[in-house]
Amino acid sequence: MSCGKKELQKGKLCVLWDGEEGLDYGGPSREFFFLLSRELFNPYYGLFEYSANDTYTVHVSPMSAFVDNHQEWFRFSGRVLGLALVHGYLLEAWFTRALYRALLRLPPALEDVDALDAQFAASLRWLQRALCVVAGADVRGVGAAGDGRVLERELKPGGRELPVTARNKHEYLERVVRWRVQRGVAAQTEWLVRGFHEVLNTLLTSF
């Protein structure tokens with residue numbers, strides 16, 4: 001996994017189990033990726049967490065910032081995903097819609113928020129359909145830091161003083177969706193995506 005981008009894209013993958021003789025015609029590699037993914041994407045280790053809706057789809061955990069060498073772990077995870085896709089191996093891992101979109105470098109969508117916070121997503125849908133806007137609303141987001149502190153962040157420069165109106169409501173929704181999906185996980189997700197695209201040719205993930 002320490003190979004360069006060209007070696008990862010063009011090199012032939014061969015897995016040999018310690019103490020077992022023979023050639024790798026696909027079976028050992030499939031087992032290796034299956035077992036590796038079971039551990040790598042297990043929320044128990046702190047890099048990922050279960051979505052708000054179930055206990056099998058996972059998303060990048062905000063607490064992963066406190067894991068030692070988390071940048072390299074996410075880069076490694078991205079490379080594992082890319083290699084499994086290139087070689088056609090199944091992984092024991094299921095991701096949220098938001099994470100799949102991030103891997104494809106697509107912007108977050110309102111539907112992505114459902115797996116993270118269904119109640120928050122419902123309130124955004126109400127605002128999307130509303131003919132009026134909430135009095136006193138402004139262009140900023142409120143969230144919790146990893147140590148429990150409540151933080152405010154302007155969604156755009158001067159957002160604290162900018163009221164949400166019918167005219168800028170669409171922009172507000174785009175910004176608040178991006179903020180909610182990326183809150184506390186933007187840097188970690190970027191390392192994951194970077195590792196993923198170090199393996200894959202960009203033409204394979206373009207539309």
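**View 1. Residues of helices α2 and α3 meet.** From α2, Phe33, Leu36 and Leu40 are in contact (heavy atoms within 4.5 Å) with Trp73, Phe76, Ser77, Val80, Leu83 and Ala84 of α3. By class, this contact holds eight nonpolar residues, one polar and no charged ones. Here Ala, Val, Leu, Ile, Met, Phe, Trp, Tyr, Cys and Pro count as nonpolar, Asp, Glu, Lys and Arg as charged, and the others, Gly among them, as polar. The model is predicted: local features need pLDDT of at least 70, side-chain atom pairs count only at pLDDT 80 or more, and totals for chains, interfaces and linings use all residues. Residues are numbered from 1 along each chain as its sequence is written, and side-chain values use heavy atoms, without hydrogens and water.

**View 2. Helix α2 packs against α3.** Helix α2 spans residues 27-40; α3 spans residues 70-87. Helices are DSSP runs of H or I with at least four residues, strands runs of E with at least two, numbered from the N terminus. The angle is about 145°, and the axes lie 11 Å apart. Axes are lines fitted to C-alpha atoms over the stretch in contact, with angles from 0 to 180 degrees between N-to-C directions.

**View 3. His70 is buried in helix α3.** Its relative accessible area is 14% (buried means under 20%, exposed over 50%, partly exposed in between; 1.4 Å probe, protein chains only). A polar atom of the His70 side chain lies 3.5 Å from the backbone oxygen of Ala65. Beyond neighbours within four places in sequence, His70 contacts Leu47, Ser64, Ala65 and Gln188.

Methods
Polar contact = N/O pair within 3.5 Å; in protein donor to acceptor, adjacent residues only side chain to side chain.
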